[in-house]
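The tour below goes from one selection to the next.

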Amino acid sequence: MLMARDGTREDGHKLHKRWLRHQAFMAELAQNKEWLEKIEREGQQLMQEKPELAASVRKKLGEIRQCWAELESTTQAKARQLFEASKADQLVQSFVELDKKLLHMESQLQDVDPGGDLATVNSQLKKLQSMESQVEEWYREVGELQAQTAALPLEPASKELVGERQNAVGERLVRLLEPLQERRRLLLASKELHQVAHDLDDELAWVQERLPLAMQTERGSGLQAVQQYIKKNQGLRREIQAHGPRLEEVLERAGTLASLRSPEAEAVRRGQEQLQGAWAGLREAAERRQQVLDAAFQVEQYYFDVAEVEAWLGEQELLMMSEDKGKDEQSTLQLLKKHLQLEQGVENYEESIAQLSRQCRALLEMGHPDSEQISRRQSQVDRLYVALKELGEERRVSLEQQYWLYQLSRQVDELEHWIAEKEVVAGSPELGQDFEHVTVLQEKFSEFASETGTAGRERLAAVNQMVDELIECGHTAAATMAEWKDGLNEAWAELLELMGTRAQLLAASRELHKFFSDARELQGQIEEKRRRLPRLTAPPEPRPSASSMQRTLRAFEHDLQLLVSQVRQLQEGAAQLRTVYAGEHAEAIASREQEVLQGWKELLAACEDARLHVSSTADALRFHSQARDLLSWMDGIAGQIGAADKPRCPSSHLGLPTCLWAPPPSPRSPSAVPFPKKS
């Protein structure tokens, strides 16, 4: 308790020690609070165990609690007092420390050294930057200290002391700002001078490093070498172009500083002039180098293109010099198609030749030292190209002639084969088994001959026209084609002759079979007429009449008149056939003719007999008819005579008709039936 109530003031160091001791005391007090709680638990237990002592124990516990509360409050008050005293002392000490640091920085800023080189200036700028950072930190620290001072309930004496220290530090900070700014301005100006001088040296070194590349005279001995040099020079030019803004910016900065009047500015001015001259020389050298390389590239490119063109022309020439013309029409056509493609490629290559000629003219107009050689190479290429086109035309004509020859040969073979097939048909020995068969054969052969003649004439005319055209065009195999033409025309003439012979044979065979057919038909008609004669001679009715028999006979004789012309035609045909055929056919013709004539004669004889028979029969029929008429007339007259004393009908009393027994009336009246005349 006495320790907690000690309120003596001491200096800062001792005050701090006392604060530490008080902190330890407060920690010990917090630990002993558990002991107090233990005493209270034991007192409560004692009061429960010995109620008679409860009053004294409760009183003692109250005193202990009161003393503990006073101790805690006194300790807290002492802690606040010590804290305030320690905090005020700490603030004063903090301001004192800051004042010392500011004083030290002022002494550093009084020594002004702009630096002899860029590294020194950069080092001093870093130090200055650290100083500025330190001053900013001190500003923040002063602000924090001011906030703490305003927040602490300090005693007047402490507050006055802290205020004095605070004002002193604030004034010193304000005075420190201007030297810092001036120091920064001087260092930045020095840095700019040194930096520009350094950049001028770097840029000059960069230009001098690349100047030998731009000024070299080596151009290369081939297209690839020239392209490598061009690529390198283009890379150098791109590098120069990309580095241009940086170098211009350095020159611009150097120009700004060169206007100043100082030894350092004079050095900058000299470096600027030197760099400008070197930079202009580098760009001009790179441009000249590019022009030289471009001219060399054009020449090498021309030589390279000429070599490629000559190689290509040589390859095409080898292809067009081939002696292969194909083994047949299809292979020749394939070769011709390939050759036409080659010719088209050669024709399309004319633009490359023209481009090469334009390159040649451009180089000659430039006045290149190798103009004579360039002109000679171009003339050689032109001659090679013209010769290649002529060779291609010759090769194409040769392949076309060979193709047309194969095509003509194929058409000739096909036509000969076709003629041979037709000759087989035209040479057939089949002449028919009968008239119908030979008629069918003749009709088919007529159709065959018509179709064959039309198709053959067209095909033969086409082949002959093709041969004539090829011969007129000067084909190398004109003699062979003429032989083919003659042989084909002869074969066609033979086919026509064979078809004519076949037609004649079929016509003769048809006439022969027609003769036999007509003979059979005529003989059949004769036999049919002979079979009809008995029916003509027989009475056709129960009561025949002479007129009907005579009419029938006249109709029959009229039919025979129709057969007369057929018999006459048969005899004429037989006479003609006997002039054509001999041997067995002639005998058969004569035999058949005799058979028909014999039958015809027999028919005529039978017809004559029938005529006599019909005549006699008609006479008899007329006699019988007249006799019947006379008898009828006589019966009529007799009936008229007996009609005057006609007896009474015996059947009248029986109720029978009176006409049943009477004779039939005469069909004619006496005046209507004439008396038959004597035949």
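The stops that follow are places in a predicted model.

**Stop 1: the largest core.** Select Leu408, Leu415, Ile419, Val463 and Leu488. These are the residues with the most contacts inside the largest nonpolar core, which has 25 residues. Now colour helix 10 (371-426), helix 11 (435-472) and helix 12 (478-537), the elements that each give two or more residues to this core. Which helix gives the most? Helix 11 does, with ten residues. As background, nonpolar side chains in soluble globular proteins tend to be buried together.

Stay with Leu415 and show what surrounds it. Not counting residues up to four places away in sequence, Leu415 touches Arg459, Leu460, Val463 and Leu488.

Stop 2: Select Phe445 and Phe448. Both are buried. How are such rings described? A pair of aromatic rings is described by the distance of the centres and the angle of the planes. The whole structure has six aromatic pairs. Phe445 and Phe448 form one of them, with centres 5.7 Å apart and 40 degrees between the planes, which makes the pair tilted. Because they are three residues apart in helix 11, about one helical turn separates them.

**Stop 3: helix 9.** Select residues 350-366. Helix 9 has 17 residues, so at 1.5 Å a residue it should span 24 Å; the C-alpha atoms at its ends are 24 Å apart, which agrees. Next, pick out Ile353, Leu356, Ser357, Cys360 and Leu363, the buried residues of helix 9. Turn the view to look down the axis of the helix: these buried residues fall within an arc of 125 degrees, so they line one face of helix 9. Move on to Gly367, which follows helix 9 and has a positive phi, near 70 degrees.

**Stop 4: Ser371.** This residue is found in helix 10. Is Ser371 buried or exposed? Its relative accessible area is 17%, and the cut-off for buried is under 20%, so Ser371 is buried. Leaving aside neighbours within four places in sequence, Ser371 is in contact with Leu363 and Leu364.

Stop 5: Select Cys360 and Cys473. Cys360 has 5% relative accessibility and therefore counts as buried. Cys473, at a relative accessible area of 65%, is exposed. How many disulfides does a search of the whole structure find? The search finds zero.

Notes: Residues numbered from 1 in each chain as written. Predicted model: local features only at pLDDT ≥ 70, side-chain atom pairs only at ≥ 80, totals over all residues. Heavy atoms only, no water. Core = buried A, V, L, I, M, F, W, Y, C linked by side-chain atoms within 4.5 Å. Buried < 20%, exposed > 50% of the residue type's maximum accessible area, 1.4 Å probe, protein only. Helix = DSSP H or I, 4+ residues; strand = E, 2+ residues; numbered from the N terminus. Contact = heavy atoms within 4.5 Å. Expected span 1.5 Å × (residues − 1). Arc of directions from axis to C-beta. Disulfide = S-S within 2.5 Å. Phe/Tyr/Trp six-rings, centres within 6.5 Å; stacked < 30°, edge-to-face > 60°.
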